[in-house]
Amino acid sequence: MSGIATFLTRRRGGASWHFTDVLAWIWLLAGLLLMFGPVVWLGLSSFKTRAALSEFPPTLLPYETSVVEVEGFDEPLPLYRVKTEDGEERLLVQVRRIGTVAQMADPEAPDEIIRVPLVAREPVREVRLATENYSTPFERYNFLRYFYNSVFVTVVATIITLIFNSMAAFALSKYQFKGRTAVLAVILATLMVPLSVIIVPLFSVINGLNLFNSLWGVILPTVATPTGVFLLRQYMLTIPDELLEAARMDHASEWKIYWRIVLPLAMPAVAVLAIFSVMWRWNDFLWPLIVLSDQELYTLQVGLNSFQGELNVQWHYVLAMTVVSMLPVVVIFAFLQRFITSGIASTGIK
Amino acid sequence: MLRKTTLVAALAATASFGAAAYAQEPVELRFMWYSDGNEGDVMADLLSRFEEENPDIKVVLDNVAYTVIRDQLPVQLEAGQGPDLARVTTLKDLAPHWLDLRDLVEDASYWEENFGNYLDWMRPEGSDIIPGYMTQLTVTGPFVNRTLFEQAGVELPGEDATWDEWAEAVKQVAEDQQIPIPLAMDRSGHRFTGPAISMGAGFIGEDGMPAVIDDGFKAMAERIARWHEDGTMSPEIWGSVSGTTYRGANEEFANAEVVMYYSGSWQIAQFEETIGDAFDWAAVPNPCGPAACTGLPGGAGVVGIKYTEHPEEVARLIDWLASEPVLKEFYERTLFLPGHKGLTEAGLDYQSDNPNVKESLDTFVGAVGNLAPLANRMPSWEWANVVYFAIIGRLGQVVAGELSLEEAYSRIEDDIAQQVEEAQR
Amino acid sequence: MTAEARHETAGERLAGLLLAPVRWGMNLIDRPMTWLQRRLGLGGVAAAFLAPNLLVFGIFVLFPMMLNVAYSFTGGGALFLNNRVFVGTLQYETLLSCRDFLDASSCREDRFWRAVGNTGFFVIVQVAALVLISLATALVLNREMRARGFWRAVFFFPVLLSPVVVALIWKWILQRNGLLNAVLVELSFEPTLWLVNRGWAMFWAIFLSIWAHLGFYTLILLAGLQAIPRELYEAAEMDGAPSWRVLTRITLPLLWPNLVVVILLALIRAVQVFDEVFVLTGGGPGTATLFLVQYIYETGLAQQVRNLGLASAASILMAAVLIVLTLVQLLASAWRERKEQR
């Protein structure tokens, strides 16, 4: 108990409560509720049946009406808590419902039918996880394949991005040559133009290069990210030129200078870009949707989309598979949490 | 469920094994498909049976989102790419890309006879090709929550009740039962069009070009605007999203928050699942206007794609899928209305023991027979979708309070004119 | 602290293992590059370093953008350029034909101008709020406290989710039958149709995009905060300076470079806002949350007759404005740096 007390009262040094301490704790707790709450809610909802999902008011846990086997009936019958006219409460099963009246019976004596108005009964419910939301899509769709494709696209695109972007950033930060400013200006100018506005011309290019319906068609257009070049260049500018000069004195080739000196020194920024890239590529949606046509090539995000019909969305599957597609990122984050956050934090992007 | 899948897998395995022993590599066909309900599972079942009977053909069912069919397939088709066959709803607009099966199917007269009505919906203007068959016929119409009517003690309006009488009745029920949405209609120009035709709207000019804004159209548009103002309809359906984005009220209806929901026959299968035993519901005949009491037909079809490398195999598959016993099973298991004359006449034995489902299916089958001639012409009219999109975008803005009705009328005409102009360039 | 250090070395060891093949590959490239260096000198090497990125960039970004310019001068419903009709500047004229530029409904393409207005409003409010909130969060997370890693994770976590997932989660919370209304009813308030009210829809669009990206910007700012030498604070404390003065005189000026990066990146994302808001509000009610990218996408791809000419023209106008803004911003910060160096 005292442990919790010290935890809660630990502050910016000093013994007395400063008003900023209170503010900070309010901020953190509000953050916990607002940032974490919705995700927990998603996780719980993914275990609800289709009918339970559209219920109002929504329940926190996935409930389902209890059923009991009753003699003389093939199917198990739903159980209700009924307030009888004399104020008594009884547990009855519903045999049939006609209009606003339910025909109910005691599960012990099912022959005697009791007529009950709908308002007087309330279902007895128990927690049940609708695990079929998870198992059915896995049986019906090749989610493992989608998963593999997503991993492939993410890993390959990230590696190429890191190499190409860091090379370009190196050239743009450490060499003086004609046209440098022009190249930089073009890259920066495109920084703000979203991919979604050039989709059709880009599709013609992909089609012309025969990359349609191939994972490479997903990977290649994304690897030359202007943001990456920009971030890395800004960081490499802070690496002193004297280091390079010293290496040149020792007859190191330019390529060696790049990957033995500059790249290791730029590691924090490279790590940040790697995290970005993984996040971007894992969550890419619009572009893969347009390039990929065969189901074996689908990425997770595209596969998830296939539960949306013309007229109906199968929400129970969408939610469950959303959780599945989130899991790898969450697991990676849980394991590398310290590494990632301190990695970004130590970058000190300038 | 699990046992069934293993069985299917086993069948598929033996089928492919048989094929390997039989002859050379089987031909692989790619079948682009989207699902609103269980039809993907049913189709997968049927396909594995087809593969068993035809070991030289392997069919890959690509389950995609409807948006892929709507936005991406046209792009592929124009590039000469695409699957071998697909289930589509824009049957008319993309018709130049369909494969002509006339000389490839076993008996073209079977096709003419049973699908004759619908082939025009999927042919290029003025041709007589056989491009495919209807996986489902849909017709728009209202669903009502009967239990609410009963609890409120309000009589269900009869078969030839008008839209105004219905609006009055549902409002009364909603007030009595504290229901937030008396009347809901899908946010879709297609859904609006049937009632507008009932009010006397003409849509198609004498030259075959759009002539949308007339008194009948205005009569329905004004009612929509008024109903939103007086609370008969709730802005959360038509007013919530923008442009041509679709928004249904199926979840609200299933949750007993809607007294009357104007949608269509395709909702039945999911209502069976989501409503369950919670209340009694039913489809009722389309309300009347001065001109008619009509809904609007529509549907989705399976077509072969012209750019396939295996036209003969595609034809064999489609011929098999469209054969009477297979199609009968498909319709019965998916609870779809049949788009096949022989089956329509013979009647189907739908696989459901829910009386609400049976009654609703019967109502919709009846509605198909009651369609106004203009409503029947709309699916084969080349500008239909242009018109639907313009209507919903602008009337949506009226509901959201951005445009007056008069402004919306002129915007609708401008939007249609612009689209027509671009298309004819 | 020691635990953290040990963790990092473990991570580094893992990275070393993974990088072994990379190292081998890099050595392989050394030969041709050295040859190139001997033949062409430093300029040639620079070109060689730039080449792969520029090649990919040219083919997949620059060339399509050029094509996009070409598209903007064509009309018709065809998808590919060779089937389209040249119409001159017609599309631009259509976009720019307004009786009164301050009133979207007087324009021929009223939706375009509504989207411009909405995007402008969104960018200003969202970026300002995002920067302020992530600054506050970074200041809080920079304090001495137990379980710092956990709290960082709490705020960073949503960054990992895809935009579609983010929007779906919030849609489930905000709809009529959603969690928020359930809570309100529980507290005996009236439930509200959050996404049907124009003001609320924009509020939630902004809220959502802040929620999803907050953690990322917080971490950049946190990095800057941790780089500020402790001695400065200690000195200030000795002088008895009040905390707001410490904030405005020490923290903010030293944090400025990180703030610039945050503002720039936040601006880029804000202008490109699309997926999340589209899934959440669909641009509605009416056109209250219709943004430029959605307008371009719908006009070009999601209409019956795909109006690519108009969509391209709109995207060119948008790009032109953005490029000017970016360059102005970068010139300003470069000028500032130069002034500081002097």
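This is a predicted model: local features need pLDDT of at least 70, side-chain atom pairs count only at pLDDT 80 or more; totals for chains, interfaces and linings use all residues.
Now turn to chain B, where you will find 18 helices and 8 strands. Its radius of gyration is 22 Å, close to the 22 Å that the globule rule gives for 425 residues, so chain B is as compact as a globular protein of that length. Along the principal axes, a box of roughly 70 × 55 × 35 Å is filled by the C-alpha atoms of chain B. Buried residues account for 55% of the 425 in this chain. For contacts in chain B with a separation of 6 or more, 76% come from residues 24 or more positions apart.

How is chain B divided into domains? The assignment gives domain 1 as 2-137 + 299-346, and domain 2 as 139-297 + 369-424. Each of the two is therefore written as a pair of sequence stretches, as the domain assignment lists them. Between the C-alpha centres of these two domains of chain B there are 31 Å. Where they touch, domain 1 of chain B contributes 14 residues and domain 2 of chain B contributes 11 residues. The domain 1 side of this contact has 4 nonpolar, 5 polar and 5 charged residues.

Chain B also meets chain A, in a contact that takes 37 residues from chain B and 26 residues from chain A. On the chain B side, at least two residues each come from strand E2 (57-63), helix H3 (66-78), helix H5 (146-152), helix H10 (250-254) and helix H11 (268-275). H3(B) has the largest share of that side, with 6 residues. By class, the side of chain B that touches chain A has 11 nonpolar, 17 polar and 9 charged residues.

Chain A has another partner in chain C, and their contact takes 78 residues from chain A and 93 residues from chain C. Several helices of chain A each supply at least two residues to the side that touches chain C, among them helix H2 (19-45), helix H5 (143-174) and helix H12 (267-283). Which helix gives the most to this side of chain A? That is H15(A), with 15 residues. The residues of the side of chain A that touches chain C divide into 53 nonpolar, 19 polar and 6 charged.

Finally, look at chain C itself. Its domain assignment gives domain 1 (1-67) and domain 2 (114-341), and the centres of these domains of chain C, taken over C-alpha atoms, are separated by 32 Å. Two packed helices are described by the angle between their axes and the distance between the axes. In chain C, helix H3 (residues 110-141) and helix H9 (residues 243-271) pack at an angle of about 145 degrees, with axes 9 Å apart. The crossing of H3(C) and H9(C) is right-handed. Among the residues making this contact are C:Phe122, C:Val127 and C:Leu130 of H3(C), together with C:Ile263, C:Ala266 and C:Leu267 of H9(C). By class, the contact of H3(C) with H9(C) has 11 nonpolar, 3 polar and no charged residues.

Conventions:
Residues are numbered from 1 along each chain as its sequence is written. Chains are lettered from A and ligands numbered from 1 in the order in which they are written. Helices (H or I, at least four residues) and strands (E, at least two) are DSSP runs, numbered from the N terminus. The radius of gyration is taken over C-alpha atoms; the globule rule is 2.2 Å times the number of residues to the power 0.38. A residue is buried if 20 or more other C-beta atoms lie within 10 Å of its own, exposed if 12 or fewer, and partly exposed in between; C-beta atoms are placed from the backbone. Two residues are in contact if their C-beta atoms, placed from the backbone, lie within 7 Å. Axes are lines fitted to C-alpha atoms, for helices over the stretch in contact, and angles run from 0 to 180 degrees between N-to-C directions. A crossing is left-handed if the near helix is turned anticlockwise from the far one by less than a right angle, and right-handed if clockwise. Ala, Val, Leu, Ile, Met, Phe, Trp, Tyr, Cys and Pro count as nonpolar, Asp, Glu, Lys and Arg as charged, and the others, Gly among them, as polar.
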